[in-house]
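Hi,

Here is the model I said I'd pass on. Have a look, and my notes follow below.

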Amino acid sequence: MAFPVETESRLTTVDVTDRIAAAVPDDLESGTCTAFVEHTTAGLVVQEDEPRLRGDFESFLRDLVPDEGHAHDELDGNADSHLRAALIGPDVTIPVADGELALGTWQSVLLVECDGPRTRTVSVTTVGD
C-alpha cells in the first residue's frame with residue numbers, strides 16, 4: 001500500500017501517523033509495520049508531533065547542513081537536501097500489537113521534507129508474527 005504526501009515548503013515535517021496506521025490490515029494482530037519514503041531527499045522519523053519541537057528539528061537540520069557550498073550543487077542545487085535526508089533515513093519500522101501501531105504516548109511518524117514543495121510517496125508493508 002502506498003499514499004502520496006503533499007509538502008508546502010523546502011524543509012518541513014508532516015505527520016503521517018494516521019495514514020500509516022490506516023494501512024495496517026484489520027486481520028493483523030501482531031507483527032511489524034515498515035513505512036518507506038520513495039525519495040532521496042526526504043525521510044521518516046519517529047518523534048513527538050509538537051509544533052515547537054518540529055520547528056526545532058527543522059532548525060537543527062538547517063544548522064547541521066549548510067544550504068550551499070556542496071559539489072552536487074553544480075548539478076541541481078539540492079545537495080543539502082540529500083545530506084539532510086541521509087541523516088534521517090528513508091524508513092521506520094514499528095511494532096504492531098493488538099492490531100494497532102505500538103507507538104509510545106508521545107510518538108508520531110513524521111515525514112521530513114528536505115527539498116520541497118513536492119509530492120512524496122510513502123509505501124507501507126506489514127508482516128505478521
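A quick definition before the core: by nonpolar core I mean a set of buried Ala, Val, Leu, Ile, Met, Phe, Trp, Tyr and Cys residues joined through side-chain atoms within 4.5 Å, where buried is under 20% relative accessible area (1.4 Å probe, protein chains only). This is a predicted model, with local features needing pLDDT of at least 70, side-chain atom pairs counting only at pLDDT 80 or more, and totals for chains, interfaces and linings using all residues. Residues are numbered from 1 along each chain as its sequence is written, and side-chain values use heavy atoms, leaving out hydrogens and water.

The largest nonpolar core has 20 residues, and V16, I20, L44, V122 and V124 have the most contacts inside it. Strands β1 (2–6), β3 (30–37), β4 (42–47), β5 (91–97), β7 (108–113) and β8 (119–128) each supply at least two of its residues; strands (E, at least two residues) and helices (H or I, at least four) are DSSP runs, numbered from the N terminus. Another core, of 9 residues, lies apart from it and includes F57, A85, I88 and L110.

A85 and I88 also belong to helix α4 (residues 79–88), where A79, D80, S81 and R84 are buried as well. The buried residues of α4 pack against β4, α2 (51–64), α3 (73–76) and β7 (contact: heavy atoms within 4.5 Å). Just after α4, G89 has a positive phi of about 95°.

As for the sheet, 5 strands make an open one, ordered β1-β8-β3-β5-β6 with antiparallel pairing; two strands pair if DSSP finds at least two bridges between them. β1 and β6 (100–101) are the edge strands. Between β1 and β8 there are 5 bridges, and P4 has T121 in β8 as its bridge partner.

Cheers

Note on methods
Buried means under 20% relative accessible area, exposed over 50%, partly exposed in between (1.4 Å probe, protein chains only).
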